[in-house]
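Hello,

Here is the structure I said I would pass on. Please open it first, then read my notes below.

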Amino acid sequence: MKYVIGVLATALVLFVATYFLLRIWDINLLSPENFSKLMYSLLIIVVTAVVLIVAIIIPFFGGNKRGYDQRSEGIAQKKIR
């Protein structure tokens with residue numbers, strides 16, 4: 001379930017960022033005179049995607065590889081390397 005929520009949150013943020021960037025620059029995607037604006041916008045979208053990967057996807061989907069020590073009694077204790 002957390003994968004679905006994470007993917008939807010990531011897609012939503014990317015779509016919103018793309019929408020606002022295109023609205024700000026008033027970009028007609030097929031117009032040659034707006035090519036530099038399009039490249040700057042794509043750069044911003046790529047930077048936003050990288051930030052999302054670092055800030056959302058890795059923390060939520062990275063998982064805890066160390067796990068818990070099942071031999072301990074009472075409250076779960078993290079495994080020590």
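In this chain, 40% of the contacts with a separation of 6 or more are between residues 24 or more positions apart. Bear in mind that this is a predicted model.

**Overall picture**

The chain has two helices and two strands. Their order along the sequence is α-α-β-β. Of the 81 residues, 17% are buried. The chain exposes about 7000 Å². Carbon and sulfur atoms supply 69% of that area.

The average pLDDT is 78 for the chain, and 74% of the residues score at least 70. Confidence is highest in α1, at 85. Strand β1 (residues 68-69) is lowest, at a mean of 64. Where pLDDT is low, the predicted coordinates should not be read in detail.

**Helix α1**

This helix covers residues 2-25. It has 24 residues and reaches 35 Å from its first C-alpha to its last. That is close to the 34 Å expected at 1.5 Å a residue.

Which residues of α1 are buried? They are Gly6, Thr10, Ala17 and Leu21. The buried residues of this helix pack against α2 (35-61). As a general point, an α-helix has 3.6 residues a turn, so residues three or four places apart point the same way.

After α1 comes Asp26. Its phi is positive, near 50°.

Is Ile24 buried or exposed? Ile24 has a relative accessible area of 63%, so it counts as exposed, the cut-off being over 50%. Phe20 has a relative accessible area of 48%, so it is classed as partly exposed.

Ile24 and Ser41 are 17 residues apart in sequence. In space they are 9.7 Å apart, C-alpha to C-alpha.

**Where to look**

Start with α1, where confidence is highest. Find the buried residues that pack against α2. Leave strand β1 for last, as its mean confidence is 64.

Best wishes

How values were computed:
Residues numbered from 1 in each chain as written. Predicted model: local features only at pLDDT ≥ 70, side-chain atom pairs only at ≥ 80, totals over all residues. Heavy atoms only, no water. Helix = DSSP H or I, 4+ residues; strand = E, 2+ residues; numbered from the N terminus. Buried < 20%, exposed > 50% of the residue type's maximum accessible area, 1.4 Å probe, protein only. Expected span 1.5 Å × (residues − 1). Contact = heavy atoms within 4.5 Å. Areas by Shrake-Rupley, 256 points an atom, 1.4 Å probe, with all protein chains shown as cover. pLDDT = per-residue confidence, 0-100.
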